[in-house]
Structure formats: C-alpha cells, structure tokens
Amino acid sequence: MLTLQCPYCGVQADETELSAGGEAHLTRHGPGSTEDEFHDYLFTRENPRGVHFERWRHTYGCGKWFHAARDTQTLEVFGTYKAQCTEPPKELRDAITAKRPGWTWREFS
Amino acid sequence: MSEPISALNHARFDGIADIAEIGLQGMITLRGDLAARAVKSAATKATGAAMPGANAISTKDDSGLCWMSPDELLVLCPYAAVPEVLAQLQTALAGSHALAVNVSDARAVFRVSGPAAREVLAKLCPVDLSPAEFEPGTIRRTRLAQVPAAFWMVDNETFQLVCFRSVAQYVFDLLCVAAQPNSEVGVF
Ligand SMILES: [Zn+2]
C-alpha cells in the first residue's frame, strides 16, 4: 500500500485516492524540436530500481497534480512536492542522499 | 413551473446507522484564489460563515463554507436562496478571477447518523475516521467505493455527505449495505 501526502491539501492519501501520472519533470518537445528529441519525449522513460520521481494527481480529493519521490524497490516514500517545481527541491534531494548515498536519476543526484 | 425534487426524494434506510437523502440543498461551487481578499470577503458575506481553513467547514445557521481545495469552496445555503446568494457572489466578484456556479441540482446529499456512523463510512473510504483524526468541522473529499464524494461531521454521530447526482442511487445502495443490521465492527 502506497500512501502519499498531497502537498496542496495536506491529506495522507491512499494510493486508491490518487491517479498515477508517469515520470516527473519531462520536457515537452514539440514543434521546432528534432525528431530524436520528440521520439525521446514520447517514448523514452526511466525504469529505475530504486529512487524514482513521478507525477501523481489527487483525483478523488482536491484534484491537484503533484510530484512524489519514492523508492520503486522498497516503496519507501521520500517526499512529495508541488507541481510548480521544475526540479526536485534541494532539501528533498539531500534527504534522499542521506538514505541512498550516491543515488542518481537522470541529471539529478 | 415544475417542482424541483432531489435525486432520491428523501430515500431512507435504518441499519446500524440511519441513512437519509436529505432532499434539496442549495450548493454553489466557488472557484478562485482562496487567499485573495475579494474571494474571502465575497464568500463570508454571502453566507455569514467564517472563512474555513484547509480541510475544514464553517457554518452559520442554514449556510456554510466547505473547503474543497486551495482554489475551491462549496457554498451551502437554503435551496430557495441560491439565486440570491449566487447573484450576491457574482456581484462581489465582478472583475476578480473567480467563478461561482449553482450545482444544487447536480449533487445529492445524504445524512449518515447514529453511534456507528463512523464505521459505515470507514467501510467505504480510505480515510482515518477515528475520533482523534476526524471530528466535527473536518471535511474530506475522497473515494467512496468507486465514486468521488465529500463528507463532514455535523456532530459526533452525524455525517453529511455530498456526491454527484448521477451516482446518487449507487451511493445510497453502498451506504445501505455498509449499514446492514448487525454489521458493526466495533473498531472506534
Ligand atoms: Zn490534495
């Protein structure tokens, strides 16, 4: 069972109250991008065993999109943060480093 | 004019809790920045209720304000007063980035009451309904089996629950099953 705290309403939301929104912090390549960029935007996704960043939506609650950082192997949740963040907040990255020294995910570490 | 009736027209069931569709309830969805002064003053003046904090409801007589999200309130008022309250809100919010719309006939409202009322909802929702966590004044939007719903406590043994009108029968049936006689769990 996965429980994420919604950063907008503060509710500890059970997974069944949420919708999964896939990988976090994707750059939306559109007109003007190269074919490779567009291909990667559409199809290339991380599939880590360990630290992962995702988008979730509090569908049955306040309705807001947000981000979550968790471990795909242990289901440990490192934290959640608002959708307006374009990258994981430094405090959260530091907290993950304390628990998973040497972690990397895309360009973040 | 035809006479408005609510989704289930006062359907009732008595089990380990009393389930009742309460009939017509005035409801206005107000969307806007709840931190904005214009939105706060419009909502509180239209209802007489204080501005609720996050996940809270405040009431005054027959009116109230339910916090639904950082940019949404559900305004409660008597059904017949909706046109007047709506006009008042829209006048107060002219020029603000906000929206007020009458949803009274798009929702159904139930009352779940009795000593086992907490258990009835706890069987259906992924919410901690223990008295330490959920008390009168708290509102929660959540999942009731397969549909969205919002509920709050009127007093220690009474919940008021709002769902979409299109699923009113489904919600009533769910509540009746969860309230079957002799189905107390005794967890609270
Ligand atoms: Zn939320």
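Reader: Is Phe134(B) buried or exposed?

Author: Buried means under 20% relative accessible area, exposed over 50%, and partly exposed in between, with a 1.4 Å probe and protein chains only. Phe134(B) has a relative accessible area of 3%, so it is buried. This is a predicted model: local features need pLDDT of at least 70, side-chain atom pairs count only at pLDDT 80 or more, and totals for chains, interfaces and linings use all residues. Residues are numbered from 1 along each chain as its sequence is written, chains are lettered from A and ligands numbered from 1 in the order in which they are written, and side-chain values use heavy atoms, with hydrogens and water left out.

Reader: How do I read the zinc site? Which residues coordinate the zinc ion?

Author: Start with the donors. They are N, O and S atoms within 2.8 Å of the metal (3.2 Å for Na, K and Ca); water is not among the atoms, so sites may look incomplete. Here the zinc ion is held by Cys6(A) through SG, Cys9(A) through SG, His58(A) through ND1 and Cys62(A) through SG, at 2.0 to 2.4 Å. Along the chain, the donors follow the spacing C-x2-C-x48-H-x3-C.

Reader: Which parts does the pair Cys6(A) and Cys62(A) tie together?

Author: Helices (H or I, at least four residues) and strands (E, at least two) are DSSP runs, numbered from the N terminus. Cys6(A) sits in the loop between strand S1 (3-5) and strand S2 (12-14) of chain A, and Cys62(A) in the loop between strand S4 (51-57) and strand S5 (65-71) of chain A, so the pair ties together parts that are 56 residues apart in sequence. Both Cys6(A) and Cys62(A) are buried.

Reader: What is the arrangement of the four donor atoms around the zinc ion?

Author: Ideal angles at a metal are 109.5 degrees for four tetrahedral donors. Four donors count as tetrahedral if all angles lie between 85 and 135 degrees; four count as square planar and six as octahedral if opposite donors are over 155 degrees apart and all others between 65 and 115; anything else is irregular. Around this zinc ion the angles are 99 to 116°, so the arrangement is tetrahedral.

Reader: Now the aromatic rings. How many aromatic pairs does the structure hold?

Author: A pair of aromatic rings is described by the distance of the centres and the angle of the planes. Rings of Phe, Tyr and Trp (its six-membered ring) pair if their centres lie within 6.5 Å; planes under 30 degrees apart count as stacked, over 60 as edge-to-face and the rest as tilted. The structure holds eight such pairs over all chains. One of them joins Phe38(A) and Tyr41(A): tilted, 6.3 Å centre to centre, 45° between the planes. Both residues lie in helix H1 of chain A, three residues apart, about one turn of the helix. Phe134(B) and Phe159(B) form another tilted pair, with 6.0 Å centre to centre and 40° between the planes.

Reader: Where do Phe134(B) and Phe159(B) lie?

Author: This pair links distant parts of the chain, 25 residues apart. Phe134(B) is in the loop between helix H3 (117-122) and strand S9 (139-144) of chain B, and Phe159(B) is in strand S11 (residues 158-164) of chain B. At 0% relative accessibility, Phe159(B) counts as buried.

Reader: Which residues form one aromatic cluster?

Author: Phe53(A), Trp103(A), Trp105(A) and Phe108(A) do.

Reader: What about backbone angles? What is phi of His25(A)?

Author: Phi of His25(A) is near 55°, a positive value in a residue other than glycine. His25(A) is in the loop between strand S3 (19-23) and H1 of chain A. His25(A) counts as buried, at 12% relative accessibility.
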